[in-house]
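Hello,

Here is the structure I promised to pass on. Have a look at it, and then read my notes below.

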Amino acid sequence: GSRRMLSIFCDAIVELDETQEISGPCPKLAGMLMTGSSAALAGRNLAEFVVDQDKDRFHQFLICSMAASQQSEMSSSALSTVHLRMQGAAGLQFEADVFHVFIGGSASGGSVQHLVGIREQEHARGPMDEYALTPPASLVNDVGAAPSEPSES
């Protein structure tokens, strides 16, 4: 149900326990965050990867989404979303849409409480963004010099 729906439009799906810690290996999230090992993400709080300015909004989002899910008759399919900036290895930041479904305990009896889908916004990665605006060398007249403008003499 919810996992299949999130897998259609999200780049990574993460299971969080009741303390918002990542419940297991997440290879796709590890790739997004460029952290290397996906097993190293297990047990870490997902909020660690949200930029400081958006952490409070992220926590409020989870609280409100969970409350809405618990009040809904279709609690396992109530989907909420928020737009945040996330941060991976070496401080690399990217904008993402974060989707949340409160699922309670897992079918296998584990403590999974939250299913979170993350979709990276393709247009925005930083702090390397300024390098993306540098023209390729083939467009520069002299090495390191920008194309010259006609002078008005």
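Leaving aside residues up to four places away in sequence, Gln-121 touches His-83, Glu-95, Ala-96 and Asp-97. Please keep in mind that this is a predicted model. Gln-121 sits in strand E4, residues 112-126, and is buried, with a relative accessible area of 18%. With Asp-97 there is also a polar contact, side chain to side chain, at 2.4 Å.

Now to the nonpolar cores. The largest has 25 residues, and those touching the most other members are Ile-22, Leu-29, Leu-46, Phe-58, Met-86 and Ile-118. Two or more residues each come from strand E1 (12-17), helix H2 (27-33), helix H3 (52-71), strand E2 (80-87), E3 and E4. H2 gives the largest share, four residues. As for Leu-46, its contacts beyond four places in sequence include Leu-16, Gln-20, Val-116 and Ile-118. Another core, of five residues, lies apart from the largest one, and Cys-10, Phe-99, Val-101 and Leu-115 are among its members.

The ring centres of Phe-9 and Phe-99 are 4.9 Å apart and their planes are at 70 degrees, so the pair is edge-to-face. Phe-9 belongs to helix H1 (residues 2-9) and Phe-99 to strand E3 (residues 93-102), so the pair ties together parts that are 90 residues apart in sequence. Phe-9 is partly exposed at 25% relative accessible area, whereas Phe-99 is buried at 7%.

Best wishes

Notes
Residues are numbered from 1 along each chain as its sequence is written. This is a predicted model: local features need pLDDT of at least 70, side-chain atom pairs count only at pLDDT 80 or more; totals for chains, interfaces and linings use all residues. Side-chain values use heavy atoms; hydrogens and water are left out. Rings of Phe, Tyr and Trp (its six-membered ring) pair if their centres lie within 6.5 Å; planes under 30 degrees apart count as stacked, over 60 as edge-to-face and the rest as tilted. Buried means under 20% relative accessible area, exposed over 50%, partly exposed in between (1.4 Å probe, protein chains only). A polar contact is a pair of N or O atoms within 3.5 Å; within protein, one must be able to donate a hydrogen and the other to accept it, and residues adjacent in sequence count only if both atoms are side-chain atoms. Contact means heavy atoms within 4.5 Å. A nonpolar core is a set of buried Ala, Val, Leu, Ile, Met, Phe, Trp, Tyr and Cys residues joined through side-chain atoms within 4.5 Å.
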